[in-house]
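Let us walk through this structure together, one region at a time. Keep the sequence beside you as you read.

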Amino acid sequence: MSVITNCPSCQTQFIVTETQLDQHNGQVRCGHCLHVFNAINELIDSNSEIYTTEELEIPKKEITNTTRNNVQEVAIKNNQDRYFNDINNSSKKKNSKLTNLLIFTLVFIGGLQSIYFLRTEITIYYPNSKNYLLKICKAIGCNIDLPKKIDLIVIDDSDIHEDENYLGVIHLSSTLINRGNFSQTYPNLELTLTDNEDKPKLRRIFKPVEYLTDQSNIANGLAAGEEIKIKLAINAQNTTVAGYRLFLSY
Ligand SMILES: [Zn+2]
């Protein structure tokens, strides 16, 4: 059987069952204003504004008259918690917006950085992008270097021989081929002269400006599939040369 009780604090009426009334000697908490009161003392038989019993909380712990004030404080605290929760929720929403903005910004900057640092790579795979990237680079003051895929530049053949007239002068001739399908930066040429035991006796690194006869080609790089012949003279006086090693590097 159900009866109606009235919250003395906000005058809201609730339907309660006898079981609910028996649970804590009638002590209940108003679901509307959180006021704790004795539902038995407040029983009425009007039925004007009736809330469902779900909104009337039966305290989990038995509430005695001496702890009633404390419970009211709890109710106030609950309200405060709700208030703070609201604040927390709204700041969480703000935070998540900020986080999204931050992530977006980082991704955007990351994208720009990637384009910046990979600009040379991008021109390899998307040759059409080069003109755009050149314009951007011109605006922000960067250069687009030619690719440096050393694996794609090969020494096709090489040879060294002593000069017929000048003692100690060694001539190196070699052919470099760019096997890439894009222009590349001219590599450095590292020549190591070795003795009978294959120990290095003399090592020299030749930069493109040193081994290219036509310096004007440096900016354009070694074109796709291009082959160049290199001839160098090295002064190796007082060095017994039995062999050599030739490497390309950047
Ligand atoms: Zn109330």
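A residue is called buried if 20 or more other C-beta atoms lie within 10 Å of its own, exposed if 12 or fewer do, and partly exposed in between, with the C-beta atoms placed from the backbone. Asp163 shows how this works: it has 14 C-beta neighbours inside 10 Å, so it counts as partly exposed.

Before going further, please note that this is a predicted model: local features need pLDDT of at least 70 and side-chain atom pairs count only at pLDDT 80 or more, while totals for chains, interfaces and linings use all residues. Residues are numbered from 1 along each chain as its sequence is written. The term pLDDT stands for the predictor's confidence in each residue, from 0 to 100. Its average over the protein is 79, and 80% of the residues score at least 70.

Now for the overall picture. The protein contains 5 helices and 12 strands; these are DSSP runs numbered from the N terminus, with at least four residues of H or I for a helix and at least two of E for a strand. Of its 250 residues, 14% count as buried. Two residues are in contact if their C-beta atoms, placed from the backbone, lie within 7 Å. Among the contacts with a separation of 6 or more, 65% join residues 24 or more positions apart.

Strand S1 (residues 2–6) runs antiparallel to S2, and 5 bridges join them; two strands are said to pair if DSSP finds at least two bridges between them. Val3 has Val16 in S2 as its bridge partner. The hairpin of S1 and S2 has 6 residues between the strands, and there Gln11 takes a positive phi near 65°. S1 also pairs with strand S5 (residues 43–44), in the antiparallel sense and over 2 bridges. In this pairing, Thr5 stands opposite Leu43.

Which residues make up the largest nonpolar core? There are 10 residues in all: Cys7, Phe14, Val16, Leu21, Val28, Cys30, Leu34, Val36, Phe37 and Ala39. A nonpolar core is a set of buried Ala, Val, Leu, Ile, Met, Phe, Trp, Tyr and Cys residues joined through C-beta atoms within 7 Å. Strand S2 (13–17) and strand S4 (36–38) are the elements that give two or more residues to this core. A second, separate core has 7 residues, including Ile170, Leu172, Leu193 and Ala236. In soluble globular proteins, nonpolar side chains tend to be buried together.

Take a closer look at one member of the largest core, Ala39. Ala39 is found in the loop between S4 and S5, and it is buried because 24 other C-beta atoms lie within 10 Å. Leaving out residues up to four places away in sequence, Ala39 touches Thr5, Val16, Leu21, Gly26 and Val28. Leu21 is 18 residues from Ala39 along the chain, and their C-alpha atoms are separated by 6.8 Å.

Next comes a helix. Is H4 (residues 130–140) well covered or hardly covered? It is hardly covered, since the count of buried residues among its 11 residues is 0. Gly141 follows H4 and has a positive phi, near 80°.

Further along, we meet an open sheet of 3 strands with the order S7-S8-S11 and antiparallel pairing. S7 and strand S11 (227–235) are its edge strands, each pairing on one side only. S7 and S8 are joined by 9 bridges, and Val154 stands opposite Ile177 in S8. Asp163, our opening example, lies in the loop between strand S7 (153–162) and strand S8 (169–178). Beyond its neighbours within four places in sequence, Asp163 is in contact with Val169 and His171.

Another open sheet has 3 antiparallel strands in the order S10-S9-S12. Strand S10 (200–206) and strand S12 (243–249) each have a single partner strand, so one side of each is left without a neighbour in the sheet. Strand S9 (residues 188–194) is joined to S10 by 6 bridges, with Leu189 and Phe206 as bridge partners.

Finally, a word of caution. Over residues 61–72, pLDDT stays under 50, and residues 74–87 also stay under 50. Where pLDDT is low, the predicted coordinates should not be read in detail.
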